[in-house]
Structures are given as C-alpha cells and as structure tokens.
Amino acid sequence: MTPAWPSLSYETWSDTCDTLHAHTQVLGKLSVELAPPEPQLQHAALRLSARGWETHSLPAPDGSGAIVAGLDLRTNEAFVEHSGGGETRISLTPNRPVGEVTRETVEAVGRLGGEVTINPTPQEVPWTSPLDEDSEHATYDTDQAANYFAAASQAAVVLAAFKAAYRGRSSPVNAWWGTFDLAVALFSGKPAKPPADDFITRNGGDAELIEIGWWPGDRNRTGAAFFAFAHPTPDGFADVQLNPPAAHWDRDLGEFVLDWEDVRESPDPRALALEFAHSAFRHACEVCGWDPVLARSAEGDPPPVN
C-alpha cells in the first residue's frame, strides 16, 4: 500500500520519472494543436485527475465532438476517449518506449476524432529525441509511478485549497508538461513585461502573477518540493523568512521552497503546505504592491455559494 504522503526523490526513480515526463509531453502537444488559445498559454496546460494526467476536453479534429487524452496511472495505460463513446487504451508496460506510445496515441486520436499532427520536439527537457522516435525513455516501474501519483495528488489538493478563496483571476491547478510540475497562478489584473522574447516567455510572462506550485524533483534538484515565486520579481523579494521556518529561498531557482520531506514528516502535512502557500502569497502581494483588498481575499474561507 502506497503511503498517503510518500517519500519522493528524483534520484530514486529517475528513469521512470523521465519516461513519464516524456509521455505527458505528448498530451501537451495535442492540447497545443487542438485547444483554442488562451492568455498565458493556459490552453496548453494539462490537469491531474483522480486517475492521472489528462488533457482538458479538446475539439475533435473532424468536428465530431470532443476528445480527452491522458495517462491512467492506476491502470498504467495511455488513453484516448471520444465524447461519442469511443475509447482506445495503450499499455505503458512492460517498459514500452515513448516513441511507440506516442505513435499509438496520435493514431488513436486519428481513428476516434480525425487526424492530427503534433510537433514531436520535446520542450524544456535535456533530451532532444523527437517524441515519436524516442527509444531512450522506456523504463516504467508501476510502483514508482504509483508513489509519484500519491504525492502529486496530495500536492494538487493543497494547491486547490489555497487558491479557492481568491477573488481575482486565477488558473486551475495546472499540470505543466514542460517543467513536469503542478502550479496555480493568481493574477493581479495588470500586464507585465516578459523577461525574454522566446515564444513561451513572451506569451506566458505578459501578466503580473504569483505562482505557488509543486514539483517531484529533477536531475538538478533531486528533492520534491513546494515552490513560490512572483513575476515580475522586485528587489528585496528574497529578503524575508517565510512560514513555516523550514521554508527557504533557493538562489539557484530564484524561488521560495518548502521541501517535501519537511512537509510529509510534519504532524499535519496539508496544514504545513498551506501555511507556506499563504505566507508566500502575503509576502509577494506586499512587496509587489498588489491591491490590498484583492490580496486579503485569499486569506478567507472559500466564498459562499448563494
């Protein structure tokens, strides 16, 4: 039985992690091709459901309805579903290369909802093999995938609870397939100057925001952690001690971090993670000069349903 708040470190499941990350990129590429574009590239984000990573409902290429593609981390299968009832399931085991799963997934979309062509170039990762040719990433350990999914599910619940009361514009709990993390963005309503001119940055960084998220670690920082940052980042942003005391500024990341191990070992992990999220948000609102009324709205209970 997987613990509710399991230990998680990239170095203990790196091969499966990279394979799973590559599989999520296929879902993201489908969203990029089929979803109506939204500000800050929100249309390209995926979601974490009770069964795994999924696209949102996407228009079928042939106009026949809607499709959803995803990774079922309970049955260890990729899937494509059509609103008309058609479904295809594709096994991720035993140790199937990403290239095979990619080709079968895209073919399934074609059979169920019309042909689609994706850009197979992986993004924001250190490897370069096109997704439909990737034979490097093939390791898929089901116990390791279940361990990750248990941790990610707890993190997603924390992020949803944190942003529930906010009265400004906010994102859902997005599952980002480039950086392989979960995050919620809260917006001030004001524009911002993107810090770079590449496609992702100039489209994703054109609004003031505070982001709280979680990632399972990678080869550069192996430990899983919650994180928080503001865009734009003002001078002096890092010069504060957040709550809980275990939270700290990571100079390399340019973000506040609360390590997963500190969370899971506490008597009330969810409360500790929420304390970090609220502390980071309060600090960011103050130093970034957000509307105090809007900032305080995140501190209340979720608004009543009238």
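Predicted model: local features only at pLDDT ≥ 70, side-chain atom pairs only at ≥ 80, totals over all residues.
Residues are numbered from 1 along each chain as its sequence is written, and side-chain values rest on heavy atoms, with hydrogens and water left out.

Helices (H or I, at least four residues) and strands (E, at least two) are DSSP runs numbered from the N terminus. Strands are taken to pair if DSSP finds at least two bridges between them. Strand β2 (residues 52–54) is antiparallel to β4, with 3 bridges, and Trp53 stands opposite Leu71 of β4. Strand β3 (residues 58–59) is likewise antiparallel to β4, through 2 bridges, and Pro59 has Ala66 of β4 as its bridge partner. The hairpin formed by β3 and β4 has 6 residues between the strands, and Gly63 in its turn has a positive phi of about 75°. Strand β5 (residues 77–82) runs antiparallel to β4 over 6 bridges, in which Gly70 is partnered by Phe79 of β5.

Strand β8 (residues 181–191) is largely enclosed by the rest of the structure, because 8 of its 11 residues are buried. Strand β7 (residues 174–176) pairs with β8 in the antiparallel sense over 3 bridges, and Trp176 lies opposite Asp181 of β8. Between β7 and β8 the hairpin has 4 residues, and Phe180 adopts a positive phi near 55°. Strand β9 (residues 207–215) is also antiparallel to β8, to which it is joined by 7 bridges; Phe187 stands opposite Leu209 of β9.

Helix α1 (residues 10–34) is mostly covered, with 19 of its 25 residues buried. The helix has a kink of about 50° centred on Thr16, where the bend is the angle between axes fitted to the seven residues ending at a residue and the seven starting there.

In total, 15 aromatic pairs are present. Rings of Phe, Tyr and Trp (its six-membered ring) pair if their centres lie within 6.5 Å; planes under 30 degrees apart count as stacked, over 60 as edge-to-face and the rest as tilted. The pair of Tyr166 and Phe281 is edge-to-face, at 5.7 Å centre to centre and 85° between the planes. Tyr166 lies in the loop between α3 (142–163) and β7 and Phe281 in helix α6 (residues 269–288), so this pair ties together parts that are 115 residues apart in sequence. Both Tyr166 and Phe281 are buried. The pair of Trp249 and Phe256 is edge-to-face because the ring centres are 4.8 Å apart and the planes stand at 75°. Phe256 is buried, with a relative accessible area of 2%, whereas Trp249 counts as partly exposed at 25%. Ring pairs also link Trp5, Trp13, Trp53, Tyr148, Phe180, Trp214, Phe226 and Trp260 into a cluster.

Grid points are joined across faces, edges and corners, and a volume is the space filled by probe spheres set on the points. The structure holds 1 cavity of 30 Å³ or more. About 50 Å³ of space lies in the largest cavity, which is lined by His23, Val26, Leu27, Leu71, Ala78, Val101, Thr102 and Thr105. Helices α1 and α2 (98–113) are the elements that give two or more residues to this lining. The second largest pocket holds about 180 Å³, and among its 15 lining residues Glu38, Gln42, His43, Ala45 and His56 lie nearest its centre.

Terms used. Buried < 20%, exposed > 50% of the residue type's maximum accessible area, 1.4 Å probe, protein only. 1 Å grid on protein atoms, 1.4 Å probe; cavity = no way out; pocket = protein on both sides within 12 Å on 5 of 7 lines; lining within 4 Å.
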